[in-house]
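Have the sequence and the 3D view at hand and follow along.

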Amino acid sequence: YLDIYVDRGFESDITDDIITLPSKYKHRPDLLAYDYYGVSDLLYIFFLVNEDIIDPIFDMKPGMKIRVPLKSRVLEFFGD
């Protein structure tokens, strides 16, 4: 089920980790979200904080540097 996207204003922050994507996460933002946040449903977070990611699945390529928000910030913003 897809719904209309509503921008809630979640943006990058100085506390975000900057990582270089390993090949494990090629086209798999769901795995990265699971590894960082314990839930794969938050895969769209990377699209929100990274301007280089237009397509949240196919733009995730090995070697690319991306911002990964802290789990505490994500949970606080979206209400656990």
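Let's start with rings: those of Phe, Tyr and Trp (for Trp, its six-membered ring) pair if their centres lie within 6.5 Å, and planes under 30 degrees apart count as stacked, over 60 as edge-to-face and the rest as tilted. By that rule, the structure holds two aromatic pairs. One of them joins Tyr37 and Phe46, which are stacked, with 6.2 Å from centre to centre and 20° between the planes. Tyr36, Tyr37 and Phe46 form one aromatic cluster.

Before going further, a word on where this comes from. This is a predicted model, in which local features need pLDDT of at least 70 and side-chain atom pairs count only at pLDDT 80 or more, while totals for chains, interfaces and linings use all residues. Residues are numbered from 1 along each chain as its sequence is written, and side-chain values use heavy atoms, with hydrogens and water left out.

Now for the overall layout. Helices (H or I, at least four residues) and strands (E, at least two) are DSSP runs, numbered from the N terminus. The protein has three helices and two strands, and reading along the sequence gives the pattern β-α-α-β-α. Its radius of gyration is 12 Å, close to the 12 Å that the globule rule gives for 80 residues, so the protein is as compact as a globular protein of that length. That radius is taken over C-alpha atoms, and the rule is 2.2 Å times the number of residues to the power 0.38. Along its principal axes, the C-alpha trace spans about 30 × 30 × 25 Å.

What about the surface? Accessible areas come from the Shrake-Rupley method with a 1.4 Å probe, and for residues only the protein chains shown count as cover. The protein exposes about 5500 Å², with carbon and sulfur atoms supplying 54% of it. A residue is called buried under 20% relative accessible area, exposed over 50%, and partly exposed in between (1.4 Å probe, protein chains only). Buried residues make up 28% of the 80 residues.

Here is how some individual residues come out:

| Residue | Relative accessible area | Class |
|---|---|---|
| Tyr37 | 4% | buried |
| Phe46 | 1% | buried |
| Met64 | 17% | buried |
| His27 | 25% | partly exposed |
| Leu31 | 30% | partly exposed |
| Lys26 | 44% | partly exposed |

Next, who touches whom? Contact means heavy atoms within 4.5 Å. Among contacts between residues at least 6 apart in sequence, 64% join residues at least 24 apart.

You'll find Met64 in the loop between helix H2 (45-49) and strand S2 (65-68). Setting aside neighbours within four places in sequence, Met64 is in contact with Ile19, Thr20, Leu21, Asp52, Ile53 and Asp59.

Then hop over to the loop between strand S1 (17-20) and helix H1 (29-37), where His27 is found. His27 has a positive phi of about 60° although it is not a glycine. Lys26 has its place in the loop between S1 and H1 too. Not counting residues up to four places away in sequence, Lys26 touches Met60 and Pro62. Lys26 and Met64 are 38 residues apart in sequence, but 9.9 Å apart in space, C-alpha to C-alpha.

Leu31 is in helix H1. Apart from neighbours within four places in sequence, Leu31 is in contact with Lys24 and Tyr25. Leu31 and Leu42 are 11 residues apart in sequence, and their C-alpha atoms are 9.9 Å apart in space.

Last stop, the charges. Lys and Arg count as positive and Asp and Glu as negative, while His and the chain ends are not counted. Each charge is placed at NZ of Lys, CZ of Arg, CG of Asp or CD of Glu. The protein has 9 positive and 15 negative charges, and their mean positions are 7 Å apart.
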